[in-house]
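Take a walk through this model, one region at a time. Keep the sequence and the 3D view side by side.

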Amino acid sequence: RGARRTVAAPVPPCFMTRHMPHLFSAPGMFFGKKKKGGKAKAAKEQKSDSSDEASGATEVDLEIHEEEMGMLIDDLQNDLRKFRAGRASPEMIEDLNVRAYGASTPLKSVGQIAVRDAYNLTVTVHDPSLLDQIDADLRNSDVLNAATKVEGNRVVVTFPKSTKESRENLVKQVKKECDQFKTKVRKVRQNALDDLKAAKLTKDEQFQMKDEVQKITDDAIKSIDQILEDKSKDIMAM
């Protein structure tokens, strides 16, 4: 797992405390058998730790999986910045990958993106030798519905005027993106359940933790549904 990223899109100050409050009101995130302290039992604990490593964990930390789901929500909100039906903005294209020096790289790393007017963006390319390649990659992008042309050391990206049909198509793309993130959330859920199976827990602890896993999954899915609803309304209102 990588470090949690900070994105430019407005996101809740803390996804987990706002959208998953039931877990943070619980006595703790760890379930399983707690080990007793005391100097007299230090050697016994060390031996027990070695045995646990060999035969399976005695505790499961749900907060790890909850954090993964929260990071997915942040990533989704960041990705959806490129879906806009109104005025053109750099966020619509800055993270699109283009080929440069034999590798795929985000557009914002090879050029400066600026707004010319409501329907046009310009990309001032740092290395003029990349102009034609960037122009072709943007023009042939599967997610960018725009025309491109080269002007001097810049690529001009022109978006069509918004129509009801184009907005409806945009909503379909947003829904597809949200569905993909729901699949990712469910994969995290499955990983959590796999951890439970491998842990040394009582039947009651297994039941309780499975219930918690389902709660954080349901909350994440609800958050995605709300993001989809809000984004769709925003697009159709343009």
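**From a helix pair to the strands**

Start at serine 232, which lies in helix α7. The model is a predicted one. Is serine 232 buried or exposed? Its relative accessible area is 15%. The cut-off for buried is under 20%, so serine 232 counts as buried. Now follow its side chain. It reaches the backbone oxygen of leucine 228, at 2.8 Å.

Helix α7 spans residues 203-236, and helix α6 spans residues 164-198. Their axes come within 10 Å of each other. The crossing angle is roughly 170 degrees. Angles over 145 degrees count as roughly antiparallel, and therefore α6 and α7 are roughly antiparallel to each other. By class, the contact of α6 with α7 has 17 nonpolar residues, ten charged residues and four polar residues.

Now turn to the strands. Strand β5 covers residues 111-117, and strand β6 covers residues 120-125. The two run antiparallel, joined by six bridges. How many residues does the hairpin between β5 and β6 pass through? The hairpin joins them through two residues.

Finish at asparagine 97, in strand β3, which runs over residues 97-100. Leave out residues up to four places away in sequence, and asparagine 97 touches Ser104, Thr105 and Pro106. Then look further along the chain. Serine 141 is 44 residues from asparagine 97 in sequence, and their C-alpha atoms are separated by 9.0 Å.

How values were computed:
Residues numbered from 1 in each chain as written. Predicted model: local features only at pLDDT ≥ 70, side-chain atom pairs only at ≥ 80, totals over all residues. Heavy atoms only, no water. Pairing = 2+ DSSP bridges. Helix = DSSP H or I, 4+ residues; strand = E, 2+ residues; numbered from the N terminus. Axes fitted to C-alpha atoms, helices over the stretch in contact; angles between N-to-C directions. Parallel < 35°, antiparallel > 145°, perpendicular 65-115°, else oblique. Nonpolar A, V, L, I, M, F, W, Y, C, P; charged D, E, K, R; others polar. Buried < 20%, exposed > 50% of the residue type's maximum accessible area, 1.4 Å probe, protein only. Polar contact = N/O pair within 3.5 Å; in protein donor to acceptor, adjacent residues only side chain to side chain. Contact = heavy atoms within 4.5 Å.
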